[in-house]
Amino acid sequence: MAVGSQTAVRDVLLDRLVQGSRPGHRTDGNKVVLAVEGGGMRGAVSAGMLLALEQLGLRDSVDEVVGTSAGAIAGAFFVVEQGTKGSSMYYTVLNSQRFVDRRRLVRSGPVLDIDWLITEAFDEQGFDWAGLVSADIPLWAVVSPAEADNHKRVFRVGETVDRAQRVLSATASIPVVAGPSKVIDGDTYVDGGMTEAVPWRTAVERGATHVLAIRSRRWVEDGRPEDYNLFERTTVPRLVRRTHGDHVTDLVNDSPDRFFVNTESLRAIAAGEACPIDQGNDPSVVFDVVMPAPEVALPDRLEVDTHVLMDALAAGAQAMIDHLDIEGFAVEQRVVVTHPRALVGPVRKNALTPIVKDRREQPRA
């Protein structure tokens, strides 16, 4: 979905691929920003979408990435071109009791061990921290201040490895579920999804001319905000108030309504029924939205079933392929984008790029 008569985000990405355009050396006057939704283990969907972009050779067509929670973590692997490693973690590492263990809550511990994920698990995957800090595509992460008088809600994931780890840990720190608030520059923060689940507003504030909103779920169809389950409505608020205080408790309680406003505003903008900001006579920002197909069974935020998570990755990758509208590509082995002419083997970096270019240059019916 794109707004107005301006070039769609999809077309900007593909045209840049054909032209060999690279970050920091653009000539088209556009700034393409990815706005990546998280959602706990449901982030497998958006990780699959980013994996498809990377394997199809479209990583260099992007100017910046803004991610929330798991969306920022997937974005980190994307900007350092390690999407295959990052996405495979969902069914090899993240679904283990080392990361997800509901029993820890009984002992007042975190259900999700975010600190272990960002440090030890990333290192075990061979994550390129130095590459992230110096990446030519800036990564920004949305956070939620744990204090009412703090209005800082986005940080660059970079500068130093330690700072990058702190920011990634903070953006995914779901209150209670992921333990205590995280500290950055002396202030405390929790999960970015409390304030901006799909960070399209931040993408606009970053000066985007084109926003590709990468969603891990679909629009709310019944006209009501997504509600919490019984445990989240009754037990979690008490635990949040005890461990995080009143402000974070208010964030948690208001989160369903805030999510509904955030995504319904995005839907109106994507349909051309609204504008994100008052831009006067300037051209409006162009939005594309990619989301999983209606028939896809989405994972729960704490999903650990291997097959569900692998299917979610595949669904995300296929949704991106379908959105790009380039025929002849599919998802093989659940998480690998493939094509009959692609090179066979575990390393597929840039193998599909010439094929995508060829498809792009062919006349469309």
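## Cavities, salt bridges and a covered helix

By class, the residues that line the largest cavity split into 16 nonpolar, 4 polar and no charged. Here Ala, Val, Leu, Ile, Met, Phe, Trp, Tyr, Cys and Pro count as nonpolar, Asp, Glu, Lys and Arg as charged, and the others, Gly among them, as polar.

A word on the model itself. It is predicted, so local features need pLDDT of at least 70 and side-chain atom pairs pLDDT 80 or more, while totals for chains, interfaces and linings use all residues. Residues are numbered from 1 along each chain as its sequence is written, and side-chain values use heavy atoms, with hydrogens and water left out.

A cavity is a set of points, on a 1 Å grid over the protein atoms alone, where a 1.4 Å probe fits but cannot get out, and its lining residues have an atom within 4 Å of a point. Grid points are joined across faces, edges and corners, and the volume is the space filled by probe spheres set on the points. The whole structure holds 2 cavities of 30 Å³ or more.

The largest has a volume of about 190 Å³. Of its 20 lining residues, Gly40, Ala70, Ile73, Tyr90 and Leu117 lie nearest the centre. Helices α3 (70-79), α4 (83-92) and α5 (114-124) each give at least two residues to that lining. Helices (H or I, at least four residues) and strands (E, at least two) are DSSP runs, numbered from the N terminus.

Ala47, Leu50, Leu51, Ala74, Phe77, Gly83, Gly86 and Ser87 line it, with α2, α3 and α4 each supplying two or more residues. That lining has 5 nonpolar, 3 polar and no charged residues.

Now for the charges. Side chains of opposite charge can pair when their charged atoms come close. The count for the whole structure is 21 salt bridges, each being a side-chain nitrogen of Lys or Arg within 4 Å of a carboxyl oxygen of Asp or Glu. Three of them are set out here.

| Pair | N to O distance |
|---|---|
| Arginine 59 and aspartate 136 | 2.8 Å |
| Arginine 166 and aspartate 162 | 3.0 Å |
| Arginine 241 and aspartate 246 | 2.8 Å |

Arginine 59 sits in the loop between α2 (43-55) and β2 (64-68), and aspartate 136 in the loop between α6 (129-133) and β3 (139-145), so their bridge ties together parts 77 residues apart in sequence. Arginine 59 is buried at 6% relative accessibility, whereas aspartate 136 is partly exposed at 33%. Buried means under 20% relative accessible area, exposed over 50%, and partly exposed in between (1.4 Å probe, protein chains only).

Arginine 166 and aspartate 162 share helix α7 (residues 161-171), 4 residues apart, about one turn of the helix. Elsewhere, Arg16, Arg26, Asp28 and Asp63 are joined in a network of salt bridges.

Arg16 also belongs to the buried residues of α1, along with Val9, Arg10, Asp11, Val12, Leu13, Leu14 and Leu17. Helix α1 (residues 9-19) is mostly covered, with 8 of its 11 residues buried. Its cover includes β1 (32-36), α2, β7 (210-214), β8, α12 (306-324) and α13 (353-361), where contact means heavy atoms within 4.5 Å.

Strand β8 (residues 286-290) is the place of aspartate 288, which is buried at 2% relative accessibility. Aspartate 288 and leucine 212 are 76 residues apart in sequence, yet 4.9 Å apart in space, C-alpha to C-alpha.

Terms used: 1 Å grid on protein atoms, 1.4 Å probe; cavity = no way out; pocket = protein on both sides within 12 Å on 5 of 7 lines; lining within 4 Å.
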